[in-house]
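Subject: Structure handover

Hello,

Here is the structure I said I would pass on. Please open it alongside this email; my notes follow below.

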Amino acid sequence: MEQKRTPVARLMTSGVHTVTADETVADAATRLLEQGVGSLVVVDGDDQPVGMFTTTDLAEFAADTAAGDDVTVSKYMTDRVVTISVRDSLSDAAARMLGNGIHHLPVTDDDGVVGMLSTMDLTAHFSYTGGSDMV
């Protein structure tokens, strides 16, 4: 008997937090703190993902003593976006994160970004289920 694989949509966090590439790093840092999140999806004018801005990017900015107050997100963001569909399984998401060395995975549907999945989400889920849905 084949076990059902849990779709990403079941575990993702909805209401993804975004930033545009032309916003300042200070504004992005404020948003990270206010929302209590570790990453923001960088979107273009059509709300399509073009990058990621994470606490690691913020740390790089803080370490750059030559950076000024008006530096934009585009200078520090990761511009290679790895996403996953709401229809894909959690095991597919885990493999994608491991394969790309990332901790945050924007979840998309036909209209664009609809959520976020983190390694913490996966760890909590697989700890609770014992990995029974990773078939």
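I will start at one residue. Thr-54 touches Gly-38, Ser-39 and His-104, leaving out residues up to four places away in sequence. Thr-54 belongs to strand S4, residues 49–54. Its relative accessible area is 14%, so Thr-54 counts as buried. Bear in mind that this is a predicted model.

S4 pairs with S3 through five bridges, and the two strands run antiparallel. In that pairing, Val-43 sits opposite Pro-49 of S4. S3 and S4 make a hairpin, with five residues between them. Asp-47, in the turn, has a positive phi of about 60°.

S3 also pairs with S2. Three bridges join S2 and S3, and here the strands run parallel. Val-19 stands opposite Val-42 of S3.

How is S3 placed in the structure? Five of its five residues are buried, so S3 is largely enclosed by the rest of the structure. Ser-39, Val-41 and Val-43 point one way from S3, while Leu-40 and Val-42 point the other way.

Helix H2

S2, H2 and S3 form a right-handed β-α-β unit. H2 covers residues 25–35, and its Val-25, Ala-28, Ala-29 and Leu-32 are buried. Viewed down the axis of H2, the buried residues fall within an arc of 100°, so they line one face of the helix. Just after H2, Gly-36 takes a positive phi of about 65°.

The four-stranded sheet

There is also an open sheet of four strands, in the order S1-S7-S6-S5, with mixed pairing. Its edge strands are S1 (13–14) and S5 (84–85), each of which pairs on one side only. S6 and S7 (residues 112–118) run antiparallel and are joined by six bridges. Pro-106 stands opposite Met-116 of S7. Helix H5 lies across S1 and S7, and runs at about 60° to S7.

The cores

The largest nonpolar core has 14 residues, of which Val-8, Leu-105, Val-107, Leu-117 and Leu-122 touch the most other members. Helix H4 (90–100), strand S6 (104–109) and helix H5 (119–129) each give two or more residues to this core. The largest share, four residues, comes from H4. A second, separate core holds eleven residues, including Ala-28, Leu-40, Val-42 and Met-77.

Which residues does Leu-122 contact, beyond its neighbours within four places in sequence? They are Leu-11, Leu-90, Ala-93, Ala-94, Met-97 and Leu-117.

Ala-94 lies in helix H4. Its relative accessibility is 13%, so Ala-94 counts as buried. Beyond residues up to four places away in sequence, Ala-94 touches Leu-122 and Phe-126. Ala-94 and Leu-122 are 28 residues apart in sequence, yet 7.2 Å apart in space, C-alpha to C-alpha.

Best wishes

Notes. Residues numbered from 1 in each chain as written. Predicted model: local features only at pLDDT ≥ 70, side-chain atom pairs only at ≥ 80, totals over all residues. Heavy atoms only, no water. Core = buried A, V, L, I, M, F, W, Y, C linked by side-chain atoms within 4.5 Å. Buried < 20%, exposed > 50% of the residue type's maximum accessible area, 1.4 Å probe, protein only. Contact = heavy atoms within 4.5 Å. Arc of directions from axis to C-beta. Pairing = 2+ DSSP bridges. Axes fitted to C-alpha atoms, helices over the stretch in contact; angles between N-to-C directions. Right-handed = clockwise from strand over helix to strand, strands pointing away.
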